[in-house]
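The model is predicted.

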Amino acid sequence: MSQPNLDESVEQIAGECLALRMRMLNRVISKLYDDALRPLGLKGSQMTILVAAQKVGVVRPIDLCQRLHLDVSTLSRNVDRMKARGWLETVPDEDGRAQPFRLTHQGRQLLRQAIPAWNTAQQKAKRLLGRGAVDSVIDAAGRLGDLTASK
């Protein structure tokens, strides 16, 4: 079996690599949301956790990790910071290791305050990506299973 031509392979990767493009899009789109939410002391990743907690009620970290395709340590770091700020609280559970959490009153107030900033970022992201790309992203995420998936 012959080795592929290095220069041709590099050109193909540079021109077509989905991982490269998704990471680039992730950085740009995440920055839009982070910039919009920054005045509230909130990041886009934290907004996602607030929304999930509001939607689900009491949420177990492992379940949220599975629904959002998050690494446990990433979620844990964010949840710890959000608890320290009074946005989330731990809910007692039979399994002491599970550490389920929910929004606090302060967390719900923050979520309400963040919605206009989120809407601004959402509109900017939609304009940047275009309708077809937005539909494709929503469709692809739906095939993965995400926050909107039923329990």
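## Helix packing and core

Helix α1 (residues 6–16) and helix α2 (residues 18–37) cross at roughly 35°, and their axes come within 6 Å. On the α1 side the contact is made by Ile13, Ala14, Gly15 and Glu16, and on the α2 side by Leu18, Leu20 and Arg21. By type, the residues of this contact are four nonpolar, one polar and two charged.

Helix α6 covers residues 105–129. Its 25 residues should span 36 Å at 1.5 Å a residue, and the end C-alpha atoms are 35 Å apart, so the two values agree. Just after α6, Gly130 has a positive phi of about 90°.

| Item | Value |
|---|---|
| α1 with α2, axis crossing | roughly 35° |
| α1 with α2, axis distance | within 6 Å |

Buried residues of α6 are Gly107, Leu110, Leu111, Ala114, Ala117, Ala121, Gln122 and Ala125. They pack against α2, α3 (44–56) and β2 (101–103).

The largest nonpolar core has 22 residues, of which Leu42, Ile49, Leu50, Leu64, Leu88 and Phe101 touch the most other members. At least two residues of this core come from each of α3, α4 (61–68), α5 (72–84), β2 and α6. The largest share, five residues, is supplied by α3.

Which residues does Leu42 contact, leaving aside its neighbours within four places in sequence? They are Asp34, Leu37, Met47, Leu50, Trp87, Leu110 and Ala114.

Note on methods: Residues numbered from 1 in each chain as written. Predicted model: local features only at pLDDT ≥ 70, side-chain atom pairs only at ≥ 80, totals over all residues. Heavy atoms only, no water. Axes fitted to C-alpha atoms, helices over the stretch in contact; angles between N-to-C directions. Helix = DSSP H or I, 4+ residues; strand = E, 2+ residues; numbered from the N terminus. Contact = heavy atoms within 4.5 Å. Nonpolar A, V, L, I, M, F, W, Y, C, P; charged D, E, K, R; others polar. Expected span 1.5 Å × (residues − 1). Buried < 20%, exposed > 50% of the residue type's maximum accessible area, 1.4 Å probe, protein only. Core = buried A, V, L, I, M, F, W, Y, C linked by side-chain atoms within 4.5 Å.
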